[in-house]
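Please look at the sequence and the structure before reading on.

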Amino acid sequence: MRSMILDRFCEKVAQIVQTEGAACFALGAADNRLHPQAVVGLDDDSSIEDLDQVDIDDSGPFSSAVSEALADQKPVMLSDAVTISRVEVPPPVMVMPIVWEREALEPDEEPVKRPVGVLALWGKRGGAAYDEDDYKLASTLSNQAAALLVEEQLEEFEDIQAAFATVPVGLMLISKENAVTVSNAAATQVVQVDPLTGRSVSDIDYRGQLSRLMEDLHASESGNATIAFIAVDNETYTTSAQLTQDGQAILAFTQSPFSTSAEELTGQVAHELRTPLTVIQGNLQTIEIMLEGDLQAEDAEIVREFTGTALVQSQRMYRLIDETLNISRIHAGKELELDIAEFDLMDAVDQIMAELGDRLLGHNVVVEAPESFMIDGDQGKLVSIFDNYLKNASKYADPGTTIWVRVYEPEPGLVAMEVQDEGIGIPPDALGRIGNEAGFRTELSKKQAGGIGLGMVYTRRVTEAHGGQMEILSEVGKGSIFRSVIPTSQPGA
Ligand code: ADP
């Protein structure tokens with residue numbers, strides 16, 4: 001799998017440690033092979049596609065160095081040219097294990113320390129050997145790589161979870177006599193009755209919900225019926241019943257999309273916050289080590305760039321935390337408070353492009369906007385509008401497609417903030433629910449990516465708090481336009 005973020009990362013590593021090239025491999029937990037993720041500095045005719053997976057049990061010098069580095073969790077140096085999965089790279093070569101470390105979350109849990117990949121560096125500029133500083137830098141950078149690799153795996157995992165979100169979790173077959181004849185383990189968990197088989201519907205029911213569903217089913221012409229079933233443990237399941245040819249009923253329980261459990265919310269928030277924090281921490285650690293050595297003139301540029309990114313990302317964290325607090329205020333029925341000031345809306349656009357940076361690398365982003373556009377508004381909250389529109393565009397449109405960001409004046413006194421994508425689109429009957437129903441997600445989007453259906457509720461509220469309107473135009477399979485139109489000046493500003 002190819003990763004833009006890791007590509008950029010490898011570029012940075014090669015620049016900082018001053019090598020000709022760098023490659024990042026993920027260690028497959030199941031097959032004990034190295035899977036190439038990103039590479040820089042190969043000659044012009046070679047690319048990551050030329051890198052094969054590496055079997056670390058092979059006898060070649062690179063494989064041996066990798067097994068040694070992983071076993072000792074220490075870097076291994078090679079002073080001859082080596083072949084890294086078919087491509088020959090110049091010496092000296094450093095093989096640095098990428099180890100993911102995490103504190104124990106529970107008191108009785110062990111801290112996690114797990115090798116997740118390998119960073120390979122080759123061709124130190126000037127042909128010199130690597131020194132102590134290079135080891136330190138490479139090992140700090142490999143910690144960053146660990147976070148990035150685990151992050152990518154988590155994202156993949158979320159996509160898989162999203163794909164399974166619509167699969168029934170619990171299934172049971174009910175006979176004509178209203179008894180359970182077949183059931184799966186998940187169904188047992190949902191209704192919390194064990195064993196299920198042989199019981200009557202009234203036996204396993206909770207507050208008469210299933211009996212009502214069965215009545216609906218037999219009364220329906222189409223031979224199916226659906227209810228929201230609230231289980232003993234307060235979880236909500238969408239429960240559908242379908243009549244079979246011979247008069248039996250199949251019941252399917254799926255986790256209801258309408259219940260945004262606290263756990264899901266905190267999970268998502270924590271995940272969102274970790275990304276900027278990883279960047280901040282990694283950048284600061286790298287700077288710290290660089291400051292310990294003798295700073296060269298060219299190092300100053302890297303330090304400046306790293307501090308700049310750390311600042312942008314800490315600003316982002318601050319805003320995300322604010323957004324989360326505001327969403328919980330909305331939940332509690334409170335009004336949004338605005339902090340109105342005059343500012344340049346284009347600064348807000350620049351800010352969000354800098355914050356999202358790596359996340360948008362896979363898409364072709366086109367900004368169509370004036371140089372400057374002064375308005376009154378709550379800058380942080382208006383940045384959040386772009387943030388949510390852009391994050392969704394990148395989630396719900398495939399990499400390689402175009403995303404347009406537009407700022408314009410639809411009529412005097414109004415400003416439109418707009419993001420258009422070429423993604424999966426939204427069915428007409430769902431348009432009115434997005435941003436109005438907390439937790440609402442289209443079935444299409446659940447197959448595409450993870451999410452919790454709160455971002456659009458927030459953008460709608462922020463837009464309306466500014467006296468504006470949120471508009472969505474979309475066509476399934478073609479793409480969507482999300483637009484907030486607000487007055488350029490605010491009363492009392
Ligand atoms: P989340 O993306 O976390 O689920 P949002 O509140 O941001 O929550 O969006 C709500 C829903 O609106 C999404 O789950 C998706 O169904 C739909 N949606 C939002 N943006 C887009 C888009 N650009 N393309 C297609 N569907 C979208």
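A crossing of two helices is called left-handed if the near helix is turned anticlockwise from the far one by less than a right angle, and right-handed if it is turned clockwise. In this predicted model, α10 passes α13 in a left-handed crossing. Two packed helices are described by the angle between their axes and by the distance between those axes. For α10 and α13 the angle is about 145°, and the axes lie 9 Å apart.

Where the two helices touch, residues of α10, including Leu382, Ile385 and Asn392, meet residues of α13, among them Gly455, Met456 and Val462. Sorted by class, this contact has 6 nonpolar, 6 polar and 1 charged residues.

Of the 20 residues around the ligand, Asn392, Tyr396, Asp421, Ser445 and Met456 come nearest. The shell as a whole has 9 nonpolar, 8 polar and 3 charged residues.

| Residue | Polar atom | Distance to a ligand oxygen atom |
|---|---|---|
| Lys395 | side chain | 3.0 Å |
| Ser445 | side chain | 2.6 Å |
| Gly455 | backbone | 3.1 Å |

The protein covers 97% of the 530 Å² of accessible area that the ligand has on its own.

Terms used. Residues are numbered from 1 along each chain as its sequence is written. This is a predicted model: local features need pLDDT of at least 70, side-chain atom pairs count only at pLDDT 80 or more; totals for chains, interfaces and linings use all residues. Side-chain values use heavy atoms; hydrogens and water are left out. A residue is near a molecule or strand if one of its heavy atoms lies within 4 Å of it. A polar contact is a pair of N or O atoms within 3.5 Å; within protein, one must be able to donate a hydrogen and the other to accept it, and residues adjacent in sequence count only if both atoms are side-chain atoms. Accessible areas come from the Shrake-Rupley method with a 1.4 Å probe; for residues, only the protein chains shown count as cover. Ala, Val, Leu, Ile, Met, Phe, Trp, Tyr, Cys and Pro count as nonpolar, Asp, Glu, Lys and Arg as charged, and the others, Gly among them, as polar. Axes are lines fitted to C-alpha atoms, for helices over the stretch in contact, and angles run from 0 to 180 degrees between N-to-C directions. Helices (H or I, at least four residues) and strands (E, at least two) are DSSP runs, numbered from the N terminus. Contact means heavy atoms within 4.5 Å.
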